[in-house]
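Please read the following report with the model open beside you, so that each residue can be found as it is mentioned.

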Amino acid sequence: MNFLPLIEAKRDGRALTADQLQEVIAAFVAGQIPDYQMAAFLMAVFFRGLNGGETRALTLAMRDSGQVLQFPKNDPRPVVDKHSTGGVGDKVSLPLAPLLACLGFRVPMISGRGLGITGGTLDKLESIPGLTTQLGPERLVEQTQRIGVAMGGQTANMIPADKLLYALRDVTGTVPSIPLITASILSKKLAEGLDALVMDVKFGPAAFMPTRDAARELAWSIVSLAVECGVMTRALLVDMSTPHGHAAGNWLEVKEAVQCLEGCGPTDLQTLVIECAASLLVQTDKSPSLVAARLTALDCLASGAPRRKWDELIAAQGADLEAFHAKLQLDHTAPVVQECVAAEEGFIRTCDARIIGEIVRDLGGGRMTKASVIQPDVGIDRLAKPGDAVRRGTVLGRIHASNGAQAELAVARLQSAFSITPTPPVAAPLIVDTL
Ligand code: URA
């Protein structure tokens, strides 16, 4: 196809037709459009936007670039999922997926890799010895039917358009665009054949939407299109100024997710997990109210069943359980660990999630180019939280690095992520609104 006139049309702010967008996606997936032209197109979309009709057409073209999952209709378990727009230390999907399976849902979760400074569920899962996220449509459906949950990624025959565009957007500065995020997320979610979806839409310095108003606009774009396409969808607007939990980095986040499943995880993580589960229980009429649904989800988590389901899930995807449990016992798996300590006494006022995300990415936990290879074991743990009282020498966080030079640099940058005040700060709410 001759793509140039379409790039020029978008550059000049003209709308494209559904047929044109379908043709673009089909040609790109077939390898007929070079990355440099698609990168130019994405940048034109970033600046000019897409109207509602174009966003819908792009989403459906991306969904239909591969197979759409088909689940047996005579199964009483609703097919549901949750997706986050991306954050730092955001590991909610890991404990949530097995919890949902134990609550009587089917969860065919298709996730993404890290984007920019935000982490990705696939990269986290792949830090587990032996585990594969390349499941393919038949295996995703079979495993979801059999054990209630599967966690995979886009493949050559399932949303290949998002697999290719996602990787390109990551390294061309074209992620924070409402229509592109909407199409990326909903192409995956609509390909899952869902009954209900809960969205975790983040805002703040470490999210793709800097403000609450921008996050609301993104949430509205996703919710309205998903509902139009027949998926009952709700969105939570979540503050992303501070990293979630106490750990950021692929393996370190898996460890923290397991702690959550064992009932000893961080409060903010558990709150988000329970809130997403409760929302889906209400959305699918499995619970009469959010209050009742939260109790149901909390009871289920406390029963230990989701922790056992987690092992069943990762074993089904090839994980070596013995090696996984042995790795969990280790204090650290990166070659070098170095503490960053407070230089003064007081209370943590802020811990800047953007700086934390940049440190983790630069340690090798994220990507700078499409060819970057992830270092699964690097990152930061024992992160202090806003409101924590500290003295001189209190640990603010621990750097896990590949070598001493990187660790030294990261410790200095970690210091700059914290501000300390003499009086306790006012606590900011985590979930600020729902749609
Ligand atoms: N998550 C996705 O799946 N896609 C985006 O574009 C951003 C976050």
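Which residues are around the ligand? They are His83, Ser84, Thr85, Leu115, Tyr166, Arg169, Ile181, Ser184, Ile185 and Lys188, where a residue counts as near a molecule if one of its heavy atoms lies within 4 Å of it. The model is a predicted one, in which local features need pLDDT of at least 70 and side-chain atom pairs count only at pLDDT 80 or more, while totals for chains, interfaces and linings use all residues. Residues are numbered from 1 along each chain as its sequence is written, and side-chain values use heavy atoms, with hydrogens and water left out.

**The ligand and its shell**

By class, the shell around the ligand holds four nonpolar, four polar and two charged residues; here Ala, Val, Leu, Ile, Met, Phe, Trp, Tyr, Cys and Pro count as nonpolar, Asp, Glu, Lys and Arg as charged, and the others, Gly among them, as polar. Strand 1 (80–84), helix 8 (160–170) and helix 9 (178–191) each give at least two residues to this shell, and helix 9 supplies the largest share, with four. Such helices (H or I, at least four residues) and strands (E, at least two) are DSSP runs, numbered from the N terminus.

In the side chain of Ser184, an N or O atom lies 2.7 Å from a nitrogen atom of the ligand, while an N or O atom in the side chain of Lys188 is 2.6 Å from a ligand oxygen.

On a 1 Å grid over the protein atoms alone, a cavity is a set of points where a 1.4 Å probe fits but cannot get out, and a pocket is an open set with protein on both sides within 12 Å along at least five of seven lines; lining residues have an atom within 4 Å of a point. The structure holds four cavities of 30 Å³ or more, a volume being the space filled by probe spheres set on the points, which are joined across faces, edges and corners. The ligand takes up the space of the largest cavity, in the sense that more than half of its atoms lie within 2 Å of the grid points.

| Space | Volume | Lining by class |
|---|---|---|
| Largest cavity | about 300 Å³ | eight nonpolar, 13 polar, seven charged residues |
| Second largest cavity | about 170 Å³ | six nonpolar, 11 polar, six charged residues |
| Largest pocket | about 440 Å³ | 10 nonpolar, five polar, five charged residues |

The largest cavity is lined by 28 residues, and those nearest its centre are His83, Ser84, Thr85, Gly86 and Tyr166. Among the elements that give two or more residues to this lining are strand 1, helix 5 (93–102) and strand 2 (107–111), although the largest share, four residues, comes from helix 9.

For the second largest cavity, the lining has 23 residues, of which Ile117, Thr118, Gly119, Val360 and Gly365 lie nearest the centre. Helix 6, helix 11 (250–261) and helix 16 (353–365) are the elements that give two or more residues to that lining, with helix 16 providing the largest share, four residues.

Which element gives the most to the lining of the largest pocket? Strand 7 (residues 346–351) does, with three residues.

Methods: Polar contact = N/O pair within 3.5 Å; in protein donor to acceptor, adjacent residues only side chain to side chain.
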